[in-house]
Amino acid sequence: MKKLAVFLLSFALAPALSGSGLPDPAPFDAVLTAGARNGGFDYRGATGQEKKRLAAYLANLGDARPAEMSADGKKAFYINAYNAMAISIVLDRYPIQSIRDVEGAFQKVDRKIGGEILSLDAIENKLRALGDPRIHFAIVCASKSCPPLAARAYTEESVSAALDRQARLFVNDPKRNAIDRAKDTIALSKIFDWNRKEFERESGSVTKSVARFVEDRETAAWLASTSRKPGFLEYDWSLNQTESPRAP
């Protein structure tokens, strides 16, 4: 009888325990596998099936419980939510030239995410509260100057390594960050300017934060020690529509 009681108790708790993880990323993975290429997304070629999968994934995010997730789980959850929602905002109104063509795209367009009604800006603030500025290398606001869009959803188990990978891709892209040690010039993405306090809090300065992910060791050492203040590049808000053809 005692064994039966223990079994029944464990069975009753099972749904609550299983519900504490991230929503199944399979629908979002399918959308990204089909449409995310070379850091952009194929809004033009998105199919009705992909739109249905994206809608299903976003619906699953609504009743998730971030409070029961680990810090890495929350990062993966909110990054996926941001990216999926940004893609959805564009697809729902396509064809448009920029996400900024959508009135209130970042502040007024919202949906239920983790039990709350959140906009893109509100999701970003949830991520900021986690104290990891690397999140800014992963959230993609459907624009060319954004970081490259990952071709897979983020997971709790691999999010930290994925954020490091995203940081290296973003920092070492000369279209997004123009760093020339020989000419003593530093022109960084506006992302570092807009989120300056977060990067300074982590590393002491924006240039030191960037230096962590620069592949060339001599350039990294120069950035970490220089007193030169960086300039910032103009941000390109046009859609990050990939021009790479879809696989047949």
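In this predicted model, Phe 137 and Phe 170 are both buried. Their rings form a tilted aromatic pair, with 5.7 Å from centre to centre and 40° between the planes. Phe 137 belongs to the loop between helix H5 (120-128) and helix H6 (159-171), whereas Phe 170 is part of helix H6, so the pair ties together parts that are 33 residues apart in sequence.

A further pair is made by Phe 192 and Phe 199. Ring pairs join Phe 137, Phe 170, Phe 192, Phe 199 and Phe 213 into a cluster. Across the whole structure, a search finds 13 aromatic pairs.

Attention now turns to the helices. Helix H3 (residues 48-62) packs with helix H4 (residues 71-91) at an angle of about 140°, and their axes are 10 Å apart. H3 and H4 are therefore oblique to each other, and their crossing is left-handed. On the H3 side, the contact involves Lys 51, Leu 54, Tyr 57, Leu 58 and Leu 61. These residues meet Phe 77, Asn 80, Ala 81, Ala 84, Met 85, Ile 87, Ser 88 and Leu 91 in H4. Sorted by class, the contact of H3 with H4 comprises 10 nonpolar, 2 polar and 1 charged residues.

Conventions
Residues numbered from 1 in each chain as written. Predicted model: local features only at pLDDT ≥ 70, side-chain atom pairs only at ≥ 80, totals over all residues. Heavy atoms only, no water. Axes fitted to C-alpha atoms, helices over the stretch in contact; angles between N-to-C directions. Helix = DSSP H or I, 4+ residues; strand = E, 2+ residues; numbered from the N terminus. Parallel < 35°, antiparallel > 145°, perpendicular 65-115°, else oblique. Left-handed = near helix turned anticlockwise from the far one by under 90°. Contact = heavy atoms within 4.5 Å. Nonpolar A, V, L, I, M, F, W, Y, C, P; charged D, E, K, R; others polar. Phe/Tyr/Trp six-rings, centres within 6.5 Å; stacked < 30°, edge-to-face > 60°. Buried < 20%, exposed > 50% of the residue type's maximum accessible area, 1.4 Å probe, protein only.
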